Amino acid sequence: MSAQLSGILFQLFQSLLVVAIAPLLLGWVNQCRAWLQNRSGAGVLQPYRTLRKLFHKDAVIAHNASPLFRVTPYILFSCMWLAAGVVPVLATDLPFSPAADVIALVGIFALARVFIALAAMDIGTSFGTLGARREMLVAFLAEPALLMVFFTASLISHSTQLPTIVEALAHTQFTLYPSMAFAAIAFVMILLAENARIPVDNPTTHLELTMIHEAMILEYSARHLALIEWASSIKLLAYTTIGFALFVPYGIAEAGNWAALPLALIALGVKLVAAGAGLALLETISAKMRIFRAPEFLGTAFLLAVLGMLIHFLLGA
Amino acid sequence: MSVSLSGQLINLLAALLLLIAFAMLSQRRVLSLINLFAWQGVVLTISTLVVAMSTQQQHLYYSAALTLVLKVIILPWILHRLIRKLNVKWDVETLINIPTTMLVGIMLVIFAFNLALPITQLAGTITRSTLGIAIAIVLLSFLMMLTRRKAIPQVIGFLAMENGLFFAATSATYGMPLVVELGIALDVLVGMFILGIFFFQIRETFDSLDLRHMEKLKDE
């Protein structure tokens with residue numbers, strides 16, 4: 001009983017934690033970018049202030065909006081929350097985890113994407129449709145690459161369950177996996193593309209013609225927009241923690257081990273700070289690509305992931 | 001250094017070499033191409049050093065030093081000088097587009113891995129499993145020579161192919177005898193000088209380094 005209870009408590013704690021700290025990660029990335037660009041920046045708490053402001057506004061919805069348009073922000077938010085709840089962030093034995101392995105996780109992201117694309121086309125403005133099409137172009141190339149990255153990790157741990165993968169990588173003797181190096185590079189490229197970061201998309205752009213993700217949510221306002229923004233930051237956090245789980249799973253607590261929790265929290269904090277700074281650095285040193293270069297970028301990610309698998313078969317590591 | 005750790009390190013470095021070979025294949029700019037070539041030399045030097053340390057083969061230290069001097073310092077320096085003198089910092093033109101080249105590259109890698117599998121099972125060296133990667137690097141460099149139109153990228157492809165061969169020699173048999181290695185190193189250096197002079201001649205005759213122009217040089 002107690003093991004089960006502590007598992008559920010762990011799950012609850014983790015789920016609340018990811019929702020709470022997701023805007024903080026976004027704020028940290030933006031702050032780092034500001035520093036790197038010699039600006040003073042708005043502070044790491046700015047995303048929270050934006051969310052608060054948006055929640056206090058009155059929502060404006062187009063006359064011809066269907067119910068789909070209204071429910072999409074909630075679906076988006078729950079999908080991202082579920083995804084972030086399934087990833088082992090602090091502990092490996094989460095009661096939620098058996099519900100979705102990595103393939104289902106890709107499916108959850110796809111579900112959210114389908115809804116946001118449909119909602120973007122719902123109003124019938126040309127920018128929404130344009131954004132939805134571009135999003136789908138990027139997504140259909142990023143998804144197989146992401147699956148290949150997961151398969152490379154699964155080949156090593158003989159499981160598609162994220163906790164088992166983490167257990168196999170974190171709590172056994174340290175080994176260098178060349179195949180995982182390839183998968184890691186591919187994963188970073190996918191993370192940039194999927195989270196609408198620079199080289200593929202510019203999250204701070206005001207120019208509609210170059211938008212991908214922003215173009216889809218132009219019609220949203222107030223609480224709907226807040227939920228979507230929040231969901232985006234949770235998505236970034238989910239991808240980052242998936243990256244940690246696959247490539248640097250060290251420091252994560254074992255099942256039901258409350259004593260290891262402070263260490264796991266510190267490890268998570270350090271990793272998030274480092275990852276956020278790295279992401280900001282990557283975004284600062286690279287320029288946004290033309291949209292028609294995006295397939296080439298993601299094709300390269302796919303090829304790297306496939307190479308990782310091939311190398312695993314050749315070297316057995 | 002323990003055998004298992006050095007084995008893992010060599011595998012990782014081999015994977016890095018393959019990654020650089022792919023990066024070269026997808027690279028459009030001639031300057032980055034030269035830098036990548038220099039990096040390939042650095043990784044090759046480290047991997048040779050690791051093999052030397054874990055197997056106690058004295059002559060491999062000399063080949064590592066030779067690689068460092070020749071392939072990391074002298075050859076990239078000559079290439080940088082050449083493109084400055086020829087004033088050719090343009091984008092590299094390719095015959096077929098880059099995603100297709102990469103796909104062909106993946107096929108070559110699969111082919112090379114299959115080719116190396118039976119040889120790998122016969123070998124007894126700690127580096128045996130990297131032979132497939134070495135063959136893949138040779139084939140990828142060859143592909144680069146085939147798909148590039150301009151003279152300098154083709155020469156870099158040639159030099160990268162030599163890197164792959166060197167790596168194959170280290171991984172299959174702990175390297176060739178020092179005399180042979182010295183001979184090859186000298187050949188590469190002299191070849192580089194001769195090709196450098198060729199570049200100037202080609203440009204003087206055709207006003208361009210595009211090798212398609214050389215097709216005109218036949219008897220009608």
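Tutor: Two residues count as in contact when their C-beta atoms, placed from the backbone, lie within 7 Å. This is a predicted model, in which local features need pLDDT of at least 70 and side-chain atom pairs pLDDT 80 or more, while totals for chains, interfaces and linings use all residues. Residues are numbered from 1 along each chain as its sequence is written, with chains lettered from A and ligands numbered from 1 in the order written.

Student: Of the contacts in chain B with a separation of 6 or more, what percentage joins residues 24 or more positions apart?

Tutor: Chain B has seven helices and zero strands, helices being DSSP runs of H or I with at least four residues and strands runs of E with at least two, numbered from the N terminus. Among contacts in chain B with a separation of 6 or more, the share from residues 24 or more positions apart is 75%.

Student: Which helix supplies the largest share of the side of chain A that touches chain B?

Tutor: In chain A, 16 residues are in contact with 18 residues of chain B. Helix 7 (178-194) and helix 11 of chain A each give at least two residues to that side. The largest share, ten residues, comes from helix 11 of chain A.

Student: How far apart are the end C-alpha atoms of helix 11 of chain A?

Tutor: Helix 11 of chain A covers residues 294-315, which is 22 residues. At 1.5 Å a residue (times one less than the number of residues), helix 11 of chain A should span 32 Å. The end C-alpha atoms agree with this, being apart by 31 Å.
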